[in-house]
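This report describes one protein chain, its overall make-up and a few local arrangements. The sequence and structure are shown first.

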Amino acid sequence: MSHPELTMDAQKPHANPLKRCLGKAVLAIGVCALTGFGLALHQSKAYGIMARIHHGLVVCAPGTGLSMTPASTGLLSGVSSPAMLRLELATQVDGRVIVVPGSNQLSEVLASSRRAHTLLMLDLNDTNPTDVAQLVRKARMRDRVVLVAQDHDGVEAALQADSAMMVAIPINSTRDAYAAHRMAGHHPYAAYLSPTAAPDLFALVHRDAEAIITENPRTAHFSTAEFLAERPVDIVVTEQPAQFTQALTQGN
């Protein structure tokens, strides 16, 4: 008399080899997909503002809406520091947001910038920060953009437009520094200081702001390298990025 367990095992059909192969293929595809997604996410974060700041000083030059290829990006040729373009925004009669001078749609400029791994500083001017933030989110550029408003109300509107997008807040005094920190709350912000501000003010805002922005110092009293050695600066706005980088290199 045969053993029940042996009889039961004998009656089990053998697994289909084709099904086993398909199962392994599906598993392999899943692993590859997850790996690819993780790599893409890592690369995306590597081009964000905070990652670029971590690797060195970001040089920001003015750009235009006339062209996002040779005319605009050519401004940054020869610049070894991470590249950022500062763009002026405007709203058309039909409500669409464009980059001026020119009439390029902001949506197109954002797409081009993402492909080129270019950071952007966007002057909001008369545009609606909510509309701008929506376009930035759609282009997956939230971590690569700094919004710049014209006044206090504009800063508040920009902070409310998106919870994660960096907003530049002008700071001219110790009082401004504390007020900016209270206004931003948990929102990431960049302190925008004049190059004439005292080193102590730079040091103060450095404790709270995610980034510090200033403009290229124009003085004969000290070199660019000396200026930066006394002040924690993450982003420098300059109309002459090549000359600025050259002066910085010579100073070192």
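## Overall composition

Of the chain's 252 residues, 41% count as buried. The model is a predicted one. Its secondary structure comes to eleven helices and ten strands. Among contacts between residues at least 6 apart in sequence, 56% join residues at least 24 apart.

## Confidence

The average pLDDT of the chain is 82, and 73% of the residues score at least 70. Over residues 5-10, however, the pLDDT is below 50, and this stretch has one contact in the model beyond near neighbours in sequence. Residues 31-44 also have a pLDDT that stays under 50. For residues 31-44 the model has three contacts beyond four places in sequence.

Where pLDDT is low, the predicted coordinates should not be read in detail.

## The aromatic pair

One aromatic pair is present in the structure. It is formed by Phe-202 and Phe-227, whose ring centres are 6.3 Å apart and whose planes stand at 85°; since planes over 60 degrees apart count as edge-to-face, the pair is of that kind. Phe-202 belongs to helix H9 (residues 199-206) and Phe-227 to helix H10 (residues 224-229), so the pair ties together parts that are 25 residues apart in sequence.

Both Phe-202 and Phe-227 are buried.

## Packing of helices H6 and H7

Helix H6 (residues 129-138) packs with helix H7 (residues 152-161) at an angle of about 35°, and their axes are 8 Å apart. The crossing of H6 and H7 is right-handed. On the H6 side, the contact is made by Pro-129, Thr-130, Ala-133 and Arg-137. On the H7 side, the residues in contact are Ala-157, Ala-158 and Ala-161.

Arg-86 is located in strand E2 (residues 83-91). Is this residue buried or exposed? The relative accessible area of Arg-86 is 17%; because buried means under 20%, Arg-86 counts as buried.

Leaving aside residues up to four places away in sequence, Arg-86 touches Cys-60, Ala-61, Pro-62 and Gly-63, together with Met-121, Asp-123, Val-148, Tyr-192 and Val-237.

How values were computed: Residues numbered from 1 in each chain as written. Predicted model: local features only at pLDDT ≥ 70, side-chain atom pairs only at ≥ 80, totals over all residues. Heavy atoms only, no water. pLDDT = per-residue confidence, 0-100. Contact = heavy atoms within 4.5 Å. Phe/Tyr/Trp six-rings, centres within 6.5 Å; stacked < 30°, edge-to-face > 60°. Helix = DSSP H or I, 4+ residues; strand = E, 2+ residues; numbered from the N terminus. Buried < 20%, exposed > 50% of the residue type's maximum accessible area, 1.4 Å probe, protein only. Axes fitted to C-alpha atoms, helices over the stretch in contact; angles between N-to-C directions. Left-handed = near helix turned anticlockwise from the far one by under 90°.
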